Amino acid sequence: MRLSIVLIVVLLLGCQKKAIEPMKPKLKSDKIVIAHRGASGYLPEHTIAAKAMAYAMQPDYIEQDLVLSKDNIPIVLHDIYLDEVTDVAEKFPNRKREDGRYYVIDFAYEELKLLQVLERFDPKTGQQVYPRRFPKGKSSFQLHSLYEEIELIQGLNQSTTNDIGIYPEIKKPAFHLKEGKDISQIVLDVLRLYGYSDKEDNCILQCFDNNELKRIRQELQSELFLVQLIESEVTKEHLEAFSSYADGVGPWYKVVSPQFIKEAQELGLKIHGYTFRADDLGDFQDFDALFDYGFNILNLDGVFTDHPDKVVSYLHHLNSEKQDSETSSE
Ligand code: G3P
Ligand code: CA
C-alpha cells in the first residue's frame, strides 16, 4: 500500500516537473525563423491554434497575412477570398460575386466569425492541398483579427518571458484601394496601438507591392523594418530601388542566385527566403538538404517555414556545432 502511494507521488512529481519545465533558452543565432502562417504544416493555416503551436516551437517571428473585412477590421488570412480555407459556400451560398468567389471584404467581422476554418483545399474538387496535413473539417477553428493575434503573442511573451516578434504582410493593397479602403494606413494604426512603430520594436512589415511598400515608408512615414517581397528574378537596378525604402528583401528561394545574394548584401539588405516546407521539397532529397542549401549555400538571413520546429532544431544543431568547434580551437 505504502509503496503504491510512493509510486503515485513520484509519478505526480514527475508530471509536475514536466508541466512547469521552462522553455529551453535558444542558442543565439544570426539566422531567423519565421513561422509561415503559424505552424501551418500541422494545423490549419492562420488559426489561433496554429499560432499558439508555432509560438511553442520558439521561432523568432510569427507571420500574419492581412486583408480587410467590410467593417475595416484587419483579418489574418492569406487570400482576399474565403472559399479555399472556410465553409463560406455552405454558410452563405448567396454571397458570392459574379466571378463565383466569396470575398472577405463583403463580410463584416461578426459574420466572418461564424465561419469554420478548414485545412486549405481546392474549392472545385474539395480536396485538401497537402493531403497528409491536418484533416479538413476535423475539430473547430475560426477566423480572427490582427488585434486578437497580437494579444495572443504579446500575452505569451509576458507569460513565458520570451520575446517573439510579429511579421505582418499587407495583402493586395491595390485591390483594397479599388474597394475604397487604405489597408496600409489601417494596419499601421493597429501596429502603433500595440507598440510597434519603429525598428527597435519586434515587428517586420512585408508587402509584394513595391509601390505600396515605398508609400508606407515615404508617404505614411513608417519607421518599421520593411521587407520587399519578390516572386521572380530581379535585376541589380531593382534591388537598388528596393534599398531606397526597404531594409530587407523576401524572395521565393527558387529565384535566388548567388549573384542576387551578393548584390543584396552589398546594398545592406537582409534576405528572408520563402517558403520552406517539409512536405514540398522539390528537387531536394530531404528537409536538411533544403536547409543546407538555404543557410549554407545561399547564406539566407532567415526563412519562412510551415514547419518551424524543424528549422529551429536544425539551427540549434548548427550553432552547437559552431560553438563546439570555436571552444576546441581556443
Ligand atoms: O510573405 C512571405 C511568404 O508568405 C510569401 O508568400 O504567398 O505565402 O504570402 P505567401
Ligand atoms: Ca505571407
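**Close-up views of a predicted model**

**View 1. Strand β1 and its neighbours in the sheet.** Strand β1 is joined by 4 bridges to strand β9 (residues 302–305), and the two run parallel. Strands here are DSSP runs of E with at least two residues, helices are runs of H or I with at least four, and both are numbered from the N terminus. Two strands pair if DSSP finds at least two bridges between them. In β9, Phe304 stands opposite Ile34. A residue is buried if 20 or more other C-beta atoms, placed from the backbone, lie within 10 Å of its own, exposed if 12 or fewer do, and partly exposed in between.

View 2. Glu212, Leu213 and Ile216 are the buried residues named in α8. They lie on the same side of α8 because they cover an arc of only 100 degrees around the axis, the arc being that of the directions from the helix axis to the C-beta atoms. The buried residues of α8 pack against β4 (165–170), α6 (173–178), α7 (183–193), β5 (204–207) and β6 (225–230). On the face turned away from the buried side are the exposed residues Asn211 and Gln218.

**View 3. Lys214.** Lys214 belongs to helix α8 (residues 210–218). Lys214 counts as partly exposed because 18 other C-beta atoms lie within 10 Å. The C-alpha atoms of Lys214 and Tyr245 are 5.8 Å apart, although the two residues are separated by 31 residues along the chain.

**View 4. The shell around ligand 1.** Around ligand 1 are His36, Asp65, His78, Glu169, Gln206, Leu229, Gly250, Tyr274, Thr275 and Phe304; a residue counts if its C-beta atom, placed from the backbone, lies within 6 Å of the ligand. The shell has 3 nonpolar, 5 polar and 2 charged residues. Ala, Val, Leu, Ile, Met, Phe, Trp, Tyr, Cys and Pro count as nonpolar, Asp, Glu, Lys and Arg as charged, and the others, Gly among them, as polar.

**Notes for all views.** Residues are numbered from 1 along each chain as its sequence is written, while chains are lettered from A and ligands numbered from 1 in the order in which they are written.

Technical notes. Predicted model: local features only at pLDDT ≥ 70, side-chain atom pairs only at ≥ 80, totals over all residues. Contact = placed C-beta atoms within 7 Å.
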